[in-house]
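Me: Please take a close look at one part for me, the contacts, and walk me through them in one go. I'd like to know which pieces take part and what kinds of residues they bring.

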Amino acid sequence: MPALTAPEWEALLLSLKVSAVAVSCALPFALLAAALLANRGFFGKPLVDGILHMPLVLPPVVIGYLLLLVLGTRAPVGGWLLQHLGIRFVFSWTGAALASGLITFPFQVRAIRSAIEATGGGLSIAAEGLGAGPLDRFINLTVPLALPGIVAGAITAFAASLGEFGAIITFVSNIPGETRTLPLAIYSALQTPGGEAEAARLSALSLALALLGLVLAEFADRRARTIVPR
Amino acid sequence: MSVKVALGHRYRDFVLDVRFHIERPGITALFGPSGAGKTTIINAIAGVVTPNAGRVVVNDRVLLDVQAGVDVPPRYRRVGYVFQDSRLFPNMTVRNNLRFGWRRAKQQVSESEVERVIVMLGLERLLSRKPATLSGGEKSRVALGRALLASPEILLLDEPLAALDAARKGEILPYLERLRDEARLPMLYVSHSLDEVSRLADDIIVLRAGKVARQGTVFDVLSDLGLPDFTGSPPYGAVLDVEVQEHRARDGLSLLSFDGGQILVPLMQSPIGTRLRVRVRAEDVMIAREAPQAISANNVLPAVIDGLQETAPLHSDVRLKCGPTALVARITRASSERLALKRGDSVYAIVKSVTVGPPNIASEH
């Protein structure tokens, strides 16, 4: 396989950066959401559950568009952020990370939630009787026991995030070196006459990354099953 | 030391309505068939379930008073709970499991007390292991230690032996007996096994369909003529609190003394002076009007008839007193009529040595 060109390297590294930031920033929120949903029911749980899963079924273009509506420089929230904090998501790689993090959020929540549910309530009841409060139990029992699930969720989300296209191109456009991640670079190559070879190389790269991510996630999931006895 | 429990709970067809007090340390067995309400009771004491009505007071501390709106959260109750499935934390070593409750206890026991419990339960060599590598019996012992080290004021044990095979039961029993004998706190021991109860309990609360059917010392309740009505099935028989008096190795016999007499049993290993329990099954006791001569049975015990009860199908259960110690005999109704047995009669209870032994838990089921 011929070596990657400089713009191709750029696209690869940008993709990795965007995905890493997207997944790690979403992780704490995913953990909270999963803990909330894994515990017993509360009023409005189905609604929260539904909203959290929206990105799975909504076309990514719609998500990108919604983000523009909220966070665009002339939109209410986006305008305020720019004016008061100097934060701009549009046309920036941080916007790409935000879009990716949002779209892959359900992957993380689902993996962590099922890991927490697999530990069962029995251990938590035992810990409570031994004097552990809710936060204590969360930190010392729930998180360690769900760790393989957390890792599996993060890896799956990372792999899925590498492939995000529609939301990114809609929200932050296709700027080389700033928002042109791997899928956007493939798209651009295909739009350029004679760019098929480049598109093929980048596609092969995407394929390899996705595969690696899924294998790692599967491994983490197996570990989850051996650590937590049923 | 006192535990006062009054609970009312309704769940579909099941109605629980119990009231009992425990006034001394040691093991009180909550005994009854499945569905009698045993686990509901200890769950309500632990705060795992909140009953519809009731009051739980441990050492003058009100843990639950539904009417007054008091429901202390489980983590402030100081109630130790040993679950049937142990529920050890799989992400922690045995050492950290044992210290989990200890670290969080308001009134922490000393390091030397921690050591004492570890030694008492034989956990010294397991401390760095993870729960997944332990046998069922080892898990139960760790769960017991973990609960004890959290300085509870009462310990609840939910059939800690039920999930274990015969060999594992035999392995953990001595630890439970030691715990009972060194007990400084009341323990409620849920069981549906008469053998387990016979061997371990100081007191018994017999539950039937959500109600307390009998309550008393193990010796009184197990020799109660009404007991078969509640347990519904054999093995039925009195338990004697005995001390090893003498070993007659040549005859293959050991002499045990109890309050009110002595009994010869097959040679035992226990050293002289050991306190233990033996069970004399009702089916294995014969009654004679006169002391028989030339009889193979080694034990002919003078006794007074304390009560008689006809039992289905055509049996008669007879409660006998040798001094203050009670025995029960199950004979046919025909024999009872032929001997014209009645309350207050002086008779002889004949017990074959080979039928007497410690309540045998390991061979059960």
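Reply: Happy to! Two residues count as in contact here if their C-beta atoms, placed from the backbone, lie within 7 Å. By that rule, chain A brings 16 residues to its contact with chain B, and chain B brings 17 residues. On the side of chain A that touches chain B, α6 (122–129) and α7 (134–162) each supply at least two residues. The biggest contributor is α6(A), which gives 6 residues to that side. Sorted by class, the side of chain A that touches chain B has 11 nonpolar, 4 polar and 1 charged residues.

Now for a contact inside chain A. Helix α2 (residues 45–57) and helix α5 (residues 93–119), both of chain A, have axes that come within 7 Å and cross at roughly 120°. The crossing of α2(A) past α5(A) is left-handed. From α2(A) come L52(A), H53(A), P55(A) and L56(A), which meet L102(A), I103(A), F105(A), P106(A) and V109(A) of α5(A). The class count for this contact is 8 nonpolar, 1 polar and no charged residues.

Do keep in mind that this is a predicted model. Chain A averages a pLDDT of 89, with 96% of the residues scoring at least 70.

Terms used:
Residues are numbered from 1 along each chain as its sequence is written. Chains are lettered from A and ligands numbered from 1 in the order in which they are written. This is a predicted model: local features need pLDDT of at least 70, side-chain atom pairs count only at pLDDT 80 or more; totals for chains, interfaces and linings use all residues. Axes are lines fitted to C-alpha atoms, for helices over the stretch in contact, and angles run from 0 to 180 degrees between N-to-C directions. Helices (H or I, at least four residues) and strands (E, at least two) are DSSP runs, numbered from the N terminus. A crossing is left-handed if the near helix is turned anticlockwise from the far one by less than a right angle, and right-handed if clockwise. Ala, Val, Leu, Ile, Met, Phe, Trp, Tyr, Cys and Pro count as nonpolar, Asp, Glu, Lys and Arg as charged, and the others, Gly among them, as polar. pLDDT is the predictor's confidence in each residue, from 0 to 100.
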